[in-house]
Amino acid sequence: MKKYLNLFDFSQRVDYKTEVLSGLTVAMALIPEAVAFAFIAGLSPLTGLYAAFMMGLVTSILGGRPGMISGATGAVAVVIVSLAATHGVEYVFAAVVLAGIIQVAAGTLRLGKLMRLVPHPVIFGFVNGLAIIIFMSQLDQFKDVTGSWLTGSTLYILLGLVGLTMLIIWGLPKLTKVVPASLTAILVVFGLVSFLNIDTKTVGDMATIKGGFPPFHLPAVPLTFETLQIIFPYASIVAGVGLIESLLTLNIIDEITETRGSGNKEAVAQGIANMLSGVFSGMGGCAMIGQSLINISSGARARLSGIVASVMLMVFIMFGSSLIEQVPMAALTGLMIMVSIGTFEWASLKTWNRMPKSDVFLMVLVTLVTAFLHNLALAVLVGVILAALFFAWDNAKRIRARKYIDENGVKHYEMFGPLFFASTTAFAEKFDVQNDPDEVIIDFEESRVVDMSAIEALNKITERYQKAGKKIHLKHLSPDCRKLLQNADKLIDINVIEDPNYKLAVDKV
């Protein structure tokens, strides 16, 4: 248990002072973002704060990446906003619980390794689309209750405070990193508004965040198939988006710390956290890239920092709600705009002239699907499918054959490139059945028979040579290719040559 929790494992040389101070910093920085994400989802600020507490605590204890911080996130907020608007918060809680169940199942089935199938252009598009969504959601703060754009002094005050917030978040880290820039920006704007008695919208004008410990509350929804039909699409998207963002964050932290986390373990922890969040009045969430980087950059490497952050966050909620309600919305808006700017992969724009056109197309498409459909899981799925098709097409064009006739009058076709469903047509075009000699050898030393379509292609070329009264042999098949042909021996009859150099040839495949 001690090794599993990694709280008091002295072999890890945990710096407890650093862990505690980093946890306190993260806790203070979590508050404004959790409140802002709850507003994005159209929910009470408490649902975001409760989610931040529950997600952070559970994943810090059970997760697969010590030092990574989870909480209420924009990725989840943009998914559940329409569910909250059409069916209410109880259906949101039910969807979050179901999403947790799906995530636990994914981790148990060890599906975390599927992240290897997501190419970088799709990741860039996903992140960029998420950044656009977060930015667009902030534009509502520049409108009045009727939906009209603000004008006059009200607009100028809001723009000034938003600009000041962004300036502090951008400039303070260049001077010092002792205090978190986001928290400092909130406090400066809050102090300025209070000192000058500026009339601007605050968190308290939106809703009260006064509350105690998260209450245990089973979602008050009918346990019917109709309810499942309503929440399952949202739950599956929340589960997918949460796992994608969490595993992406895990990989980033792995690279920074030069250690290795467990994706499957993190998936299970995320699922348990979402299940508990849903029954403790939280909106659910996933790993937070920004807060995780704050924690790691502060020197935290163990689970203790995340636990401290979650516990202190609840202390702030229970005893500091009156202060939080006075935070200007302009400060949260500026913070979220900076989050969107920081989330956007600006480096991806510099690769346009260097990346293949197919990769650029993928990145742009995933960005557009994410930004306009607000369906991050669908965007990634579309991107992965198209990436696979592009890969198949590129490899289909690479199959080729070197032809020659040896001293015995036997014609050899030395194949290069994989033989699979997309390359079977090009493969068939390589052979000149009518003009070939009576004996032909197809050499696969530099090629592979990959799938059933490849077997069928071999079957067809065999039939063509047999009808012409000629013999055909296969040579230098790797063990997996030979096994594939053996499994299909009732469908195909091909003479496979056994040669003394076979083992050496296999090693080169």
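A search of the whole structure, which is a predicted model, finds 1 cavity of 30 Å³ or more. A cavity here is a set of points, on a 1 Å grid over the protein atoms alone, where a 1.4 Å probe fits but cannot get out, whereas a pocket is an open set with protein on both sides within 12 Å along at least five of seven lines. Lining residues have an atom within 4 Å of a point. Grid points are joined across faces, edges and corners, and a volume is the space filled by probe spheres set on the points. In this predicted model, local features need pLDDT of at least 70 and side-chain atom pairs count only at pLDDT 80 or more, while totals for chains, interfaces and linings use all residues. Residues are numbered from 1 along each chain as its sequence is written, and side-chain values use heavy atoms, with hydrogens and water left out.

The largest cavity has a volume of about 40 Å³. Its lining consists of Thr59, Ser60, Arg65, Pro66, Gly67, Met68, Ile69, Ala302, Arg303 and Gly306. By class, these are 4 nonpolar, 4 polar and 2 charged residues. In this classification Ala, Val, Leu, Ile, Met, Phe, Trp, Tyr, Cys and Pro count as nonpolar, Asp, Glu, Lys and Arg as charged, and the others, Gly among them, as polar.

The second largest pocket holds about 560 Å³ of space. Its lining comprises 22 residues, and Leu111, Leu114, Gly240, Leu243 and Ile244 lie nearest the centre. Two or more lining residues come from each of α5 (89-108), α10 (225-257) and α17 (376-396). Helix α10 gives the most, with 7 residues. The lining divides into 18 nonpolar and 4 polar residues, with no charged ones. Helices (H or I, at least four residues) and strands (E, at least two) are DSSP runs, numbered from the N terminus.

Helix α2 (residues 16-40) packs against helix α15 (residues 329-343) at an angle of about 90 degrees, with the axes 10 Å apart. The two helices are therefore roughly perpendicular, a term for angles of 65 to 115 degrees. Axes are lines fitted to C-alpha atoms, for helices over the stretch in contact, and angles run from 0 to 180 degrees between N-to-C directions. Helix α2 contributes Pro32, Glu33, Val35, Ala36, Phe37, Phe39 and Ile40, and α15 contributes Met329, Leu332, Leu335, Met336 and Val339; contact means heavy atoms within 4.5 Å. By class, this contact has 11 nonpolar, no polar and 1 charged residues.

Gly334 is also placed in α15. At 0% relative accessibility Gly334 is buried, where buried means under 20% relative accessible area, exposed over 50% and partly exposed in between (1.4 Å probe, protein chains only). Not counting residues up to four places away in sequence, Gly334 touches Val162, Thr165 and Met166. The C-alpha atoms of Gly334 and His217 are separated by 34 Å, the two residues being 117 residues apart along the chain.

Thr200 is found in the loop between α8 (181-196) and α9 (203-206). This residue is buried, with a relative accessible area of 16%. Apart from neighbours within four places in sequence, Thr200 is in contact with Leu161, Val193, Asp205 and Pro328.

Glu258 lies in the loop between α10 and α11 (263-279) and is exposed, at 72% relative accessibility. Ser281 lies in the loop between α11 and β2 (286-287) and is buried, at 11% relative accessibility.

Definitions and conventions. Angles under 35 degrees count as roughly parallel, over 145 as roughly antiparallel, 65 to 115 as roughly perpendicular and the rest as oblique.
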